[in-house]
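Open the structure in your viewer and keep the selection panel at hand. The tour goes from the whole chain to single residues.

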Amino acid sequence: TKAIRMIGENVKLVDAVLYVLDARAPQSCINPDFEKLTEGKPTLYLLNKQDLADPSGTAAWLWRFQSERTLSRAVCGTERSLKGTVISALTQLLREKLERNAAKGVVKPMRAMIIGVPNCGKSTIMNTLAGEKRALTGDKPGVTKGKQWIRLNKSVELLDTPGILWPKFEDQTVGLRLALIGSIKDEILNVDELAVELVKFLKAEYPGLLAQRYEVSEENDIIELISAVAVNRKCLSKGGEPDYSKAAALIIDDFRSGKLGHITPVSYTHLRA
């Protein structure tokens with residue numbers, strides 16, 4: 001509540017919004033509360049972590065944003081070219097306002113607020129844009145606790161904000177995808193069940209991937225498959241029995257870190273329909 005109030009109080013100070021989405025699940029990262037909070041400010045969508053997502057899925061999402069006349073860019077939060085990409089896109093987004101200011105002889109920096117769900121990579125993006133480590137970063141949600149302004153150059157200033165989730169997911173698949181990409185703390189999740197959903201999806205949409213990575217048969221049912229992963233990766237209990245929970249956590253970690261490959265855990269083929 002405090003974070004939402006802070007965004008609402010500061011949105012009037014900015015010209016635009018940088019909305020960071022995880023490229024693996026962009027739609028699920030769109031907080032329904034943000035639209036009213038940002039008061040219709042011009043918005044640039046950054047599909048971050050494109051290096052972890054399926055390129056075909058990212059291309060489909062960019063096509064969807066373009067078809068809706070919404071400015072978007074696929075990025076990796078650590079790439080050197082990020083600063084130029086963001087400044088160029090912001091200039092395009094605010095071209096009319098910049099032209100009006102120039103006609104009046106007014107020189108003001110572009111000010112943008114950066115928002116997103118927890119663990120979408122906002123702080124990493126802020127650090128890359130600033131050229132130094134000013135924002136705290138981590139691989140868990142909830143690292144950024146308050147607001148902070150960062151000046152990129154004479155023409156751009158950014159306001160960082162904490163990652164925010166909304167109180168209730170009307171569509172449970174949204175919660176599932178956010179859990180898979182690490183936007184919800186694992187401490188409040190049933191990781192075993194989450195791994196079952198991930199394996200079910202991978203078997204259907206990326207057949208052969210699990211077999212190649214873990215040397216297991218995808219003909220087995222999901223429980224047997226995860227148990228086989230436990231044996232092959234030596235996720236064993238003290239008695240030498242397969243430790244199902246350790247194997248489940250391993251599979252999820254491998255997905256999140258990109259060790260399983262470029263994966264978008266949501267069907268995107270309908271986007272071009």
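Residues are numbered from 1 along each chain as its sequence is written, and side-chain values use heavy atoms, with hydrogens and water left out.

**Whole chain.** Show the cartoon. The protein chain has eleven helices and six strands; helices (H or I, at least four residues) and strands (E, at least two) are DSSP runs, numbered from the N terminus. The radius of gyration, taken over C-alpha atoms, is 21 Å, close to the 19 Å that the globule rule gives for 273 residues, so the protein chain is as compact as a globular protein of that length. That rule is 2.2 Å times the number of residues to the power 0.38. Of the 273 residues, 47% are buried, where buried means under 20% relative accessible area, exposed over 50%, and partly exposed in between (1.4 Å probe, protein chains only).

**Confidence.** Colour by pLDDT, the predictor's confidence in each residue, from 0 to 100. The average for the protein chain is 89, and 91% of the residues score at least 70. Select residues 135-145: pLDDT stays under 50 there. Then select residues 269-273, where pLDDT is also below 50. Where pLDDT is low, the predicted coordinates should not be read in detail.

**Helix H5.** Select residues 95-104. Is helix H5 largely buried or in the open? One of its ten residues is buried, so helix H5 lies largely in the open.

**Two loop residues.** Select lysine 49, in the loop between strand E2 (43-48) and helix H3 (55-67). Phi of lysine 49 is near 60°, a positive value in a residue other than glycine. Lysine 49 counts as buried because its relative accessibility is 16%.

Finish at asparagine 119, in the loop between strand E4 (110-115) and helix H6 (122-130). Asparagine 119 is not a glycine, yet its phi is positive, about 65°. At 16% relative accessibility, asparagine 119 counts as buried.

Key
Predicted model: local features only at pLDDT ≥ 70, side-chain atom pairs only at ≥ 80, totals over all residues. Contact = heavy atoms within 4.5 Å.
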